[in-house]
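Please read them beside the model.

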Amino acid sequence: MSKTIQNLAETLRTHDADRFFAVMSAPARHRATLFTVYAFNLEIARIPYLTVEPLIAEMRLQFWRDVVEEAYQGKIRAHEVADPFGQLLQGSSIAKEDCMRLIDARRWDIHEKRFSDPEAFENYIENTAGALARIAAAAIGADDLQRSRACVSAIGGGVARWLTSYNDLKVHRIEPLPGESDQSIRTVAKMGLRHIQTVGRVKKPACYALRADWMATQILKSAIRNPKRVFEGRLETSDAVKKLRLLIAR
């Protein structure tokens, strides 16, 4: 593994440990690719939280739009993440539209910070977690059908991740749910679970794009049984249990 990829892996270990361990559980031949995809996602996802100035955040999102556009035109930006990601775009069948959906979805975090209804919430999760799964699955060679299946399943994983982040999102003045009631939590958790169950088992290699969601079903069922766990920040199990379940999933 090159020094560049090692640096991306270390950044994920620090800032997105779930995805780091998920990548490490995947076959070695896919790890550099997945580290690159998830490092790109991390760069995008944290932009709204690095500044309180919407204009600056928009400029940073525009930088990544330009990175993607230029990569498809044969140009690579000199940047610790943009360089390897741009090369990945040139050497794979990742759809530019999926990258742009992922980037543009983060404008919600900058400007809106509140969902009007469950449909708006579902659309946001599809354009973040779902688009990311399509990108990751395409990057490691999944066909279009399996990319789509990974995208649908990842919506469930995205809902689970969102619910476990409820209190952190509130700190950033984001209203994470369309409503603050137990019923609202059950509604979105059931929606997420339905996406996972509709797809069922996702075939290789697309399944490796979903490894970070290995606890999603358990988390969503826990939220349905006891929505108060969301407000109390008690949805996740210990790191030791999560890692054990990930090893079993291999």
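The points below cover the basis of the model, then selected residues.

1. This is a predicted model: local features need pLDDT of at least 70, side-chain atom pairs count only at pLDDT 80 or more, and totals for chains, interfaces and linings use all residues. Residues are numbered from 1 along each chain as its sequence is written, and side-chain values use heavy atoms, leaving out hydrogens and water.

2. Arg149 sits in helix H9 (residues 144-164). Helices are DSSP runs (H or I, at least four residues), numbered from the N terminus. Leaving aside neighbours within four places in sequence, Arg149 contacts Val199, Arg201 and Val202 (heavy atoms within 4.5 Å). Its side chain reaches the backbone oxygen of Val199 at 2.6 Å. The backbone oxygen of Arg201 lies 3.3 Å from a polar atom of that side chain.

3. The structure holds 18 salt bridges. The criterion is a side-chain nitrogen of Lys or Arg within 4 Å of a carboxyl oxygen of Asp or Glu.

4. Arg101 pairs with Asp98 in a salt bridge, closest N and O atoms 3.1 Å apart. Both lie in helix H6 (residues 96-105), 3 residues apart, about one turn of the helix. Asp98 is buried at 8% relative accessibility; Arg101 is partly exposed at 26%. Buried means under 20% relative accessible area, exposed over 50%, partly exposed in between (1.4 Å probe, protein chains only).

5. Arg161 bridges to Asp213 at 3.9 Å between the closest N and O atoms. This pair links distant parts of the chain, 52 residues apart. Asp16, Arg19, Arg161 and Asp213 are linked in a network of salt bridges.

Key:
Helices (H or I, at least four residues) and strands (E, at least two) are DSSP runs, numbered from the N terminus. A polar contact is a pair of N or O atoms within 3.5 Å; within protein, one must be able to donate a hydrogen and the other to accept it, and residues adjacent in sequence count only if both atoms are side-chain atoms.
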